[in-house]
Amino acid sequence: MSAARENVSLLFKLYCLTVMTLVAATYTVALRYTRTVQTELYFSTTAVCITEVIKLFFSVGILAKESGSLARLVTSLKENVFGSPKELLKLSVPSLVYALQNNMAFVALSNLDAAVYQVTYQLKIPCTALCTVLMLKRTLSKLQWFSVFMLCGGVTLVQWEPAQATKVQVEQNPWLGFGAIAVAVLCSGFAGVYFEKVLKSSDTSLWVRNIQMYLSGIAVTLFGVYVSDGAQVLEKGFFYGYTHYVWFVIFLASVGGLYTSIVVKYTDNIMKGFSAAAAIVLSTVASVILFGLQLTTTFSVGAFLVCISIYFYGLPRQDTTKIQPAEAKSSKERLDTV
């Protein structure tokens, strides 16, 4: 019976791993496709806003299932959301940062190939590590620090001689793309650690926290639409340029944002690292087929180093502060003989 439960648990973890990998790889490639193939380019700021709205509805639905009844759901929303302006203000910080990060993803994938983006975006790992050390006062093992430097080296090789896509005819600015990724990884590291700190500072439900964050996120992204594309949105419409592919990208972004919470709860760092590496491989293969990506030696070596470093970074840390029973016994015997 216990073996059956273990098998179910393993199957569920594999399911989580598969879905997470496919969502990450497909989102990157699909977003790249919508930004380089379509003739009527949609407003990326509106897509980010719609994503926040969809995630809000998903979170309310999951919280309703957790609450068990409509009355409990309404009570929870009144107490923790509408009756807690301070908490809303607290969650507005990661909302603002995540909104900037998501918009930068659109800018980056408008100017860089999906595979190059996927590899370079892994710089979020050292950025998150640094924020974890500074904000949560945690320490990293020597292997983790080594993997961080290896990852940076791999990304440097990828950028040294970037792979080129032969089937993309739109004008691109690689330096703008790399700058957008730099902003995105900084945002990802800070917002992720900040949100983790907020989550662990109280017993409030994850989905309540998500609702607080998405409400703030909607306000922030609507302001972004007004500032960045306000005049054009009024002229052409909020959903100008939207196709089935654009809605598919928005759906993937919404599911991916929520699914991360489930993956963090039910899987470990090794599986998340394997997922990230697999997403890099899938994005590269898709880019070769769809966009005519021409791989270079430096790109291949750099991508390989990034995949290996992700695996090393996720390896469980060995606690060397405690003496194992066998070691303690042998030490005692040596003292007795002396």
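## Exercises on a predicted helical model

Keep in mind that the model is predicted.

**Exercise 1.** Find out what the span 207–227 is made of, and what UniProt calls it.

*Solution.* Start with the structure: residues 207–227 are 100% helix and 0% strand, with end C-alpha atoms 30 Å apart. Then check the record: an unreviewed UniProt entry lists 207–227 as a "transmembrane region", and 143–160 is in that list too.

**Exercise 2.** Work out where helix α4 kinks.

*Solution.* First get the overall span. Helix α4 covers residues 85–111 and reaches 39 Å from its first C-alpha to its last, close to the 39 Å expected. Now look along α4: a kink of about 30 degrees turns up at Ser 92, shortly before Pro 94.

**Exercise 3.** Decide whether Thr 51 is buried or exposed, and list what it touches.

*Solution.* Locate Thr 51 in helix α2, residues 44–67. Its relative accessibility is 7%, and the cut-off for buried is under 20%, so Thr 51 counts as buried. Setting aside residues up to four places away in sequence, Thr 51 touches Ile 250, Ala 253 and Ser 254.

**Exercise 4.** Describe the largest nonpolar core and follow Tyr 242 out of it.

*Solution.* The largest nonpolar core holds 49 residues, and Tyr 242 is one of those with the most contacts inside it, as are Phe 106 and Phe 299. Helix α12 supplies the largest share of this core, six residues. Beyond its sequence neighbours within four places, Tyr 242 has contacts including Tyr 42, Phe 43, Trp 247 and Ile 250. Apart from that core lies another of 16 residues, among them Trp 207 and Ile 211.

Terms used. Residues are numbered from 1 along each chain as its sequence is written. This is a predicted model: local features need pLDDT of at least 70, side-chain atom pairs count only at pLDDT 80 or more; totals for chains, interfaces and linings use all residues. Side-chain values use heavy atoms; hydrogens and water are left out. Helices (H or I, at least four residues) and strands (E, at least two) are DSSP runs, numbered from the N terminus. Buried means under 20% relative accessible area, exposed over 50%, partly exposed in between (1.4 Å probe, protein chains only). Contact means heavy atoms within 4.5 Å. The expected span of a helix is 1.5 Å times one less than its number of residues. The bend at a residue is the angle between axes fitted to the seven residues ending there and the seven starting there. UniProt positions are given in the numbering used here, feature names are shortened, and annotations may be inferred rather than shown by experiment. A nonpolar core is a set of buried Ala, Val, Leu, Ile, Met, Phe, Trp, Tyr and Cys residues joined through side-chain atoms within 4.5 Å.
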